[in-house]
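Please open the model in your viewer and keep the selection tool at hand.

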Amino acid sequence: MAKVTIDGVEMEVPDGTTILNAARSVGGDIVPPAMCYYSKLEGSGGKCRTCLVKVSQGSTNDPRPMPKLVPSCRTTVMDGMVVENITSPEVLEARKGVVEFLLINHPLDCPVCDQAGECDLQNLGYKHGAAATRYEEERRTYKKIDIGDKIKLHMDRCILCYRCTYVADQIADGDRCHGIINRGDHAEISTYIEKAIDSDFSGNMIDVCPVGALTDKTARFGSRVWFTKPMDAHRDCENPKCSGKVVVWEKGEDILRVTGRKDAYHEVEEFICNTCRFEKKKVSDWVIEGPRHINNKSVISANHYEHLKDIKEDIVKYQKQIATNINKA
Amino acid sequence: MGRKLLLEHVNVPGIETLEVYKKMGGYTAAEKAIKTMQPDDITEEVKKSGLRGRGGAGFPAGMKWSFIDKKSEKPRYLVCNADESEPGTFKDRYLMEKIPHALVEGMLVSSYALGAKTAYIYIRGEYFYVLRILEKAIAEAYAAGLLGKNIFGTDYSLDLHVQIGGGAYICGEETALLESLEGKRGNPRMKPPFPAISGLYASPTVVNNVETIAAVPHIINISGDEYAKIGVGRSTGTKLISASGHINKPGTYEIELGLTVEEFIYSDEYCGGIKDGRKIKAMIAGGSSVPILPAHLITKTANGEDRLMTYESLSDGGFVSGTMLGSGGLVIMDETACIVRHTWTLARFYHHESCGQCSPCREGTGWMEKVLHRIEHGHGTMKDIDLLVDIAKKIEGNTICPLGDASAWPIASAIRHFREEFEYHILNPEKVKDPKHFAHEPFVGSNVQNA
Ligand SMILES: Cc1cc2nc3c(=O)[nH]c(=O)nc-3n(C[C@H](O)[C@H](O)[C@H](O)COP(=O)(O)O)c2cc1C
Ligand code: SF4
Ligand code: SF4
Ligand code: FES
């Protein structure tokens, strides 16, 4: 086990845990934002740089600070490590820079984007970004393409987190046909010559996409998310690899959309198959369990569901943290 | 005359052939090493020599070799980085083209020292004709029993392959190179793990520059101690410098580290002074990534000491008044050069070459290029200058690989030392519309006057 301190909060985690996961084990504001890391996708992380933190003490044995900010999603803790996240002005400044970089070429077409309301980039920009852009140049654009008949790729919105390519590689079986072509800011997600992705699990790309670059064509423009009601539901899925545990997004009597069940960090608990996601849109297809607890701080949680309970938990937690800090001082 | 090791025989006719190379003493180091020395003894000699990596970072070669994971059951690999794509650097090409066996012998000795049975030379796509030269040399070496099974009748065997890249600067970054060599997209890897632990095919690997590897046989021939006597302090041995720009004699030169910058630029043995007797304006000492220096900081450091061609002296003053030896790509600009145009050109290069994995470099390089384009063409505003400084600052240190830093340093340093020239572009939009504006009417800022 290793003892780590993040923003003054002490915790003990198993060796080999990353700083990000250590922070997540406690939760709250000490958790750095993560736009590319996805715990269920091997090799993910390290790219977006939103999770950069400062290591002001490397370990008990080697207390020297690390010379540069490090990506918390890919840096493992050491016993005695001291990490600064939101308590470091340097980290906040770098993060503000990263948010600006992610936004300069982003179309900011939230009013017509299906992801609005559950978009990690929206949330990130709201929390860490600047109010106005300093970017005067033209934004890059691509044409929209269909990846098969169920998924739409809107490359203008992509932040190149690479998550969907890991899904294609690791979750959706079949040939490796989805990846990144070209370099730099002209890089794009693509299948080989717009080839359809033919796999029972390809729909999970939509769930892992932190922005509205990959959307569900069977639900596109159906409704703003905050007008739909997320319900936990399950069915006996015939696919042995699929748990059949989903969230159905209802509006009135209709199911507009089916997704995986996302946790507080917007990661799905289990990947689901394309039949559950795209084909089962009738209430009678599902056993409805009850309202989904949306923990993620976003437009939806701000308007709906258990928000007050969330705040209460937070307050209790902060009170405890403040008390520990005062005791230490 | 400084001592020559790498290029001593460069003008001997036929030196590219095995026959002539051997006649000039070639492969004696390999024979001595493989027949009479233990692998660790060779690493020890390289450590004693003080040889530092010639690819840019200047990391001590012997130390890098000693990090290789000896406990691993996996095969070990030596990979030579011949991607040489940094603007201003062309020394590896010269060496490989003229004396290909120098690299082959270096690979043999170094592979033996590391216990590698397979080694690769990764060469940039544009060096296609050099690939042919190397392949010929390797075929000769195989035919003569210098590569392949039971070299010099010992039980040491080595296979050496050359792999050509697709022509991407980023594939010179060692982990991107390894990805590319494995047949994948050339994206740099996250470190740690370092290649010495998990490199090519997740096996212990050493990546070294062409010149670093080619220096090893000379160290074996003259001994590490003797090699360490050449040079000054921690800058030992000889170094190839690619000299270009507004000088009378551009070309590749071998210098003893410790030579003064003044002598290198102005003596007839090397660059032969500035073209047409014009005034010097700026110098890039070590390839396009290193900070640019203004006239008054080229031959003297900020303390008024002579600036030497060493790792330490060139970086004297940090990034405030110093730079880096880097890969030894030295570019001189005279008073007719436009620093803004030059900086824009470099920004365009880094924008084009960013792999796009991490957001600060992917987005920042393009942004900086666009702002510089605006300033150079007379559409900039004063606040663009500070914007550039801020973008550069937000990239530097926050990326996966040093390409991000390499894109930020030239811009930050150009503004640090030549701000007046950027301001001139903003204040005189009509004059700078002519792309050769300073060739007709040189811009003499305070930096040139101070020289
Ligand atoms: C973007 C980038 C490009 C590079 N290109 C080269 C190159 O073309 N040749 C080279 O030897 N090293 C290059 N390097 C440095 C290598 O990563 C590595 O440090 C070097 O090959 C190690 O060899 P050395 O220790 O012998 O110098 C590059 C580094 C970066 C970040
Ligand atoms: S499409 Fe979405 S998941 Fe894929 S790289 Fe872009 S932002 Fe990431
Ligand atoms: S710094 Fe640039 S080149 Fe290096 S990994 Fe990041 S995006 Fe790629
Ligand atoms: S989440 Fe760590 S770098 Fe993207």
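A polar contact is a pair of N or O atoms within 3.5 Å; within protein, one atom must be able to donate a hydrogen and the other to accept it, and residues adjacent in sequence count only if both atoms are side-chain atoms. This is a predicted model, in which local features need pLDDT of at least 70 and side-chain atom pairs count only at pLDDT 80 or more, while totals for chains, interfaces and linings use all residues. Residues are numbered from 1 along each chain as its sequence is written, chains are lettered from A and ligands numbered from 1 in the order in which they are written, and side-chain values use heavy atoms, with hydrogens and water left out.

**Ligand 1**

Select ligand 1 and B:Gly172: a nitrogen atom of the ligand is 3.2 Å from a polar backbone atom of this residue. At B:Asn208, an N or O atom of the side chain is 2.8 Å from an oxygen atom of the ligand. The protein covers 89% of the 610 Å² of accessible area that ligand 1 has on its own (Shrake-Rupley method, 1.4 Å probe).

Now display the whole shell, which has 18 residues (a heavy atom within 4 Å of the ligand). It divides into four nonpolar, eight polar and six charged residues. Strand β4 (residues 205-209) of chain B gives the most to this shell, with three residues; strands are DSSP runs of E, at least two residues, and helices are runs of H or I, at least four, numbered from the N terminus.

**Ligand 2**

Move to ligand 2. Among the residues around it are A:Cys158, A:Cys161, A:Cys164 and A:Cys209. How many residues of this shell are nonpolar, polar and charged? The shell has 12 nonpolar, no polar and no charged residues.

**Helix α3 of chain B**

Select residues 39-49 of chain B, where B:Ile42, B:Thr43, B:Glu45, B:Val46 and B:Ser49 are buried (under 20% relative accessible area, 1.4 Å probe, protein chains only). Seen down the axis of α3(B), the buried residues fall within an arc of 155 degrees, so they line one face of the helix; the arc is that of the directions from the helix axis to the C-beta atoms. Just after α3(B), B:Gly50 takes a positive phi of about 75 degrees.

**B:Thr154**

Finally, select B:Thr154, in the loop between α7 (128-143) and β3 (159-164) of chain B. B:Thr154 is buried, with a relative accessible area of 19%. A polar atom of its side chain lies 2.7 Å from the backbone oxygen of B:Ile151.

Definitions and conventions
Buried means under 20% relative accessible area, exposed over 50%, partly exposed in between (1.4 Å probe, protein chains only). Ala, Val, Leu, Ile, Met, Phe, Trp, Tyr, Cys and Pro count as nonpolar, Asp, Glu, Lys and Arg as charged, and the others, Gly among them, as polar.
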